[in-house]
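Subject: Structure handover

Hello,

Here is the structure you asked for, with the notes that go with it. Please read the notes with the structure open beside them.

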Amino acid sequence: MFGLVFAVLAWAFILTGALFVVAGAIGIYRFPDFYSRLHGAGVTDTFGADLMVTGLIFETLVMFDLADSWSVVAKLFFIGAFFFFTSPTSTHAIAQAAYVAGLKPFLHPIAKQDATDAEDFRDAAEGKDAS
């Protein structure tokens, strides 16, 4: 009974992780600027890979007895933890390096207008002449 439940859970995690990987790949292709594409890559690395590793842990429990597979499960757990902690850190480091190098994010025309309105409001609040 538990074998069937673990098998269904394993494939649910693996397929959901694969869906996130495909969505991240589409995001890398379709998003307009570097920072948005980096977000798509980060989601793919972190969540998609961790879901698939979790599915592999459940599949290992289905295929083998826990007494026989504890070392494989532990290794998969540490691989998932490694992805979980290093992927956001590396994504942040890449984004910070791009920002320091002078790469500005793409702003949609509506966002640009909102930013201009916010600057005008800030200038008016500080008593500066808005010209």
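**The chain as a whole**

The chain exposes about 9300 Å², and carbon and sulfur atoms supply 73% of that area. Accessible areas come from the Shrake-Rupley method with a 1.4 Å probe, and for residues only the protein chains shown count as cover. This is a predicted model, in which local features need pLDDT of at least 70 and side-chain atom pairs count only at pLDDT 80 or more, while totals for chains, interfaces and linings use all residues. Residues are numbered from 1 along each chain as its sequence is written, and side-chain values use heavy atoms, with hydrogens and water left out.

The secondary structure comes to 4 helices and 0 strands, running α-α-α-α from the N terminus on. Helices (H or I, at least four residues) and strands (E, at least two) are DSSP runs, numbered from the N terminus. Of the 131 residues in the chain, 24% are buried. Buried means under 20% relative accessible area, exposed means over 50%, and partly exposed lies in between (1.4 Å probe, protein chains only). A contact means heavy atoms within 4.5 Å. Among contacts between residues at least 6 apart in sequence, 72% join residues at least 24 apart.

**D33 and the loop between α1 and α2**

D33 sits in the loop between α1 (2–30) and α2 (34–63). D33 is buried yet has no salt bridge, and the nearest side chain of opposite charge, R37, is 6.8 Å away. For charge, Lys and Arg count as positive and Asp and Glu as negative, with His and the chain ends not counted. A salt bridge is a side-chain nitrogen of Lys or Arg within 4 Å of a carboxyl oxygen of Asp or Glu.

What the D33 side chain does make is a polar contact with the side chain of S36, at 2.7 Å. A polar contact is a pair of N or O atoms within 3.5 Å; within protein, one must be able to donate a hydrogen and the other to accept it, and residues adjacent in sequence count only if both atoms are side-chain atoms. Leaving aside neighbours within four places in sequence, D33 is in contact with P105 and F106.

**Helix α1 and G40**

A25 is found in helix α1 and is partly exposed, at 44% relative accessibility. A25 and G40 are 15 residues apart in sequence and 7.0 Å apart in space, C-alpha to C-alpha. R30 is also in helix α1, and is exposed, with a relative accessible area of 64%. From R30 to G40 the C-alpha distance is 9.7 Å, with the two 10 residues apart in sequence.

**Helix α3**

S69 is in helix α3 and is buried, with a relative accessible area of 1%. Apart from its neighbours within four places in sequence, S69 is in contact with T60, L61 and F64. W70 lies in helix α3 but is exposed, with a relative accessible area of 57%. The C-alpha atoms of W70 and T60 are separated by 9.1 Å, and the two residues are 10 apart along the chain.

I94 belongs to helix α3 (residues 66–100) and is partly exposed, at 43% relative accessible area. Together, F34, I94 and L103 make a nonpolar surface patch of about 240 Å². Patches are made of residues with over 30% relative accessible area and no salt bridge: like charges are joined within 9 Å, and nonpolar side chains (Val, Leu, Ile, Met, Phe, Trp, Tyr) within 5 Å.

Regards
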